[in-house]
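Please keep the sequence and the structure in view while reading.

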Amino acid sequence: MPTTKVNLETTDLSNYRYDMSRCIKCKGCYWVEHTYMPGVKFSTRCPSNVWNDFDSYGAFGKMRIGTALVEGKLDWTPKLLEIVYADPLCGACDVGCKRNLDLEIGLSLEAMRVKAVKDGAGPMPAHKKIAENIAATHNVFGSAHNDRKKWLTKDIQVAEKADVLYFVGCTASYTNNEIAQATAKILNATKTPFMLMPDEWCCGNTLQSVGMLDEARELAKRNIEMVKSTGAKTVLLSCAEGYRMWKVEYPKLLNIATADLPFTVVHLTEFADSALKQGSLRPTKPVNVRLTYHDSCSISRLADPWTPWSGERGWMGTVSPRLKRRRGTQGLYGQPRNVISSIPGVEFVEMIRARENAFCCGAGRGTKEAFPTLASSSAKHRLEEVKEIGAEVLVSACPWCKNNFAQAVKEDGNHVKVMDFSELVLASLDA
Ligand code: SF4
Ligand code: SF4
């Protein structure tokens, strides 16, 4: 039987030719299976296709577009670029498809963007502006690099040298100082010494997400080398997208496994869960609210560790050696829920779509900057679900989710309060 050499590099869309061409349009990437759902009211999983009903915006449409691109039957047009980029790459379709057909949908979508950039068509103008900002100021906003540590208040203790390094990220450094401050105060409260990067730069999330892999790789190398020079054993993040970058995308960009990184990557939700179990985190102050938790894609279904793979594809699409699929099951699902449920006074209520089936807020991976109406429509759709279950507070663990939900709440005159996980935990600690 003839075989084809194949690997998981997103730099070559033809690696995903088999996956893209085998889509049977079952729409498991659009609907959440009824086995997981108590009803049909909140049963979709694709923000892009909910925003725009045309099939091309769903994963099943994009798989046909990808096949045509790889076969040279389609040229880039402004509309085609919109279809490829109006998508938060939330990974929900990948989870759904792998429950049905085991096709690599998420990586196919990424590889289409890499091709768009290689062909000189992508990314979108808003993304090019972000890339320019990063090159000039090392942050996505184009703000002064010297202001990066302005969030640091005098009551926070930062060590010169420590095992834990807190990578703050662009948003918490510039627009969401409350998250950086709450995270640092939680670390101080648990008596965990931590240091900061000697000179922190952007993690490169937007670059990687829009297909600018060369630029993202340079940042990955630079950031990893800098952590190595500090001797830190753990890199801790409060941003979900930053966590995905360090844990999954840096290894992917460098063709190594997550296990090969010379440090461990930990999100605040994970750290807080361990600290709670060890007794150093003591949430004793009541927070009397009925609240729900939104699984940010980048710490949940997009967070399975990375392992490079290359091999051969043979009869009926079988691959050899065995490919251990990333199914989104190894994300941080239990950790935030354990911590939230331990806070006295909290009445925790789950949303209808939770964990791997959560509906993305729509902001991440360059979407809000280029397609603000998509980001807004997804957040409003998710807020309907929050209202349905009667929660007063919506907690997420990513500044991008927080900002997007907060804006949607404001636009709709909604009464839901939006909080970051770090703020909730800090509110439960006695000063
Ligand atoms: S679940 Fe997979 S096979 Fe089914 S329509 Fe979606 S992409 Fe195609
Ligand atoms: S990644 Fe998310 S938004 Fe994009 S096609 Fe898949 S489910 Fe839809």
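## The largest pocket

Sorted by class, the residues that line the largest pocket comprise 21 nonpolar, seven polar and 18 charged ones, where Ala, Val, Leu, Ile, Met, Phe, Trp, Tyr, Cys and Pro count as nonpolar, Asp, Glu, Lys and Arg as charged, and the others, Gly among them, as polar. This is a predicted model, in which local features need pLDDT of at least 70 and side-chain atom pairs count only at pLDDT 80 or more, while totals for chains, interfaces and linings use all residues. Residues are numbered from 1 along each chain as its sequence is written, chains are lettered from A and ligands numbered from 1 in the order in which they are written, and side-chain values use heavy atoms, with hydrogens and water left out.

The volume of the largest pocket is about 560 Å³, and among its 46 lining residues Asp94, Lys98, Glu104, Leu107 and Arg326 are the closest to its centre. On a 1 Å grid over the protein atoms alone, a pocket is an open set of points with protein on both sides within 12 Å along at least five of seven lines, a cavity is a set of points where a 1.4 Å probe fits but cannot get out, and lining residues have an atom within 4 Å of a point. Grid points are joined across faces, edges and corners, and a volume is the space filled by probe spheres set on the points. At least two lining residues come from each of helix H2 (47-51), helix H3 (59-70), helix H5 (92-100), helix H6 (105-118) and helix H12 (240-254), with H5 giving the largest share, five residues. Helices (H or I, at least four residues) and strands (E, at least two) are DSSP runs, numbered from the N terminus. Domain 1 (1-122) and domain 2 (136-278) each contribute at least three residues to this lining, the domain bounds being taken from an automatic or database domain assignment.

## Enclosed cavities

By the rule given above, there are four cavities of 30 Å³ or more. The largest cavity holds about 130 Å³ of space and has 13 lining residues, of which Cys170, Cys203, Asn205, Cys239 and Trp400 lie nearest its centre. Helix H8 (170-174), helix H10 (205-210) and H12 each supply at least two residues of that lining, which by class has seven nonpolar, five polar and one charged residues.

The second largest cavity has a volume of about 100 Å³; of the 16 residues that line it, Glu241, Cys297, Ser298, Gly364 and Cys401 are the closest to its centre. H12 and helix H17 (399-412) are the elements that give two or more residues to this lining, whose residues divide into eleven nonpolar, three polar and two charged.

## Cysteines

How many disulfides does a search of the whole structure find? The search finds zero, a disulfide being a pair of cysteine sulfur atoms within 2.5 Å. For cysteine 361, which is in no disulfide, the nearest cysteine sulfur belongs to cysteine 401 and is 4.0 Å away. Cysteine 361 counts as buried at 3% relative accessibility, and cysteine 46 is likewise buried, with a relative accessible area of 11%. Here buried means under 20% relative accessible area, exposed over 50%, and partly exposed in between, with a 1.4 Å probe and protein chains only.

## A three-stranded sheet

An open sheet is formed by three strands in the order S1-S7-S8, with antiparallel pairing. Strand S1 (4-7) and strand S8 (319-320) are at the edges with a single partner strand each, so one side of each is left without a neighbour in the sheet. Two strands pair if DSSP finds at least two bridges between them, and S1 pairs with strand S7 (residues 310-313) over four bridges. Within S7, glutamate 312 is the bridge partner of lysine 5.

## Backbone features

One joins glycine 122 and proline 123, with omega about -5°, and proline 123 sits in the loop between H6 and helix H7 (125-137). Another joins serine 320 and proline 321, with omega about 0°, and proline 321 lies in the loop between S8 and helix H14 (334-341).

Lysine 25, although not a glycine, has a positive phi of about 60°; this lysine 25 is in the loop between helix H1 (17-21) and H2 and counts as partly exposed at 38% relative accessibility. Asparagine 255, also not a glycine, has a positive phi of about 55°, is placed in the loop between H12 and strand S5 (264-267), and is partly exposed at 45% relative accessibility.
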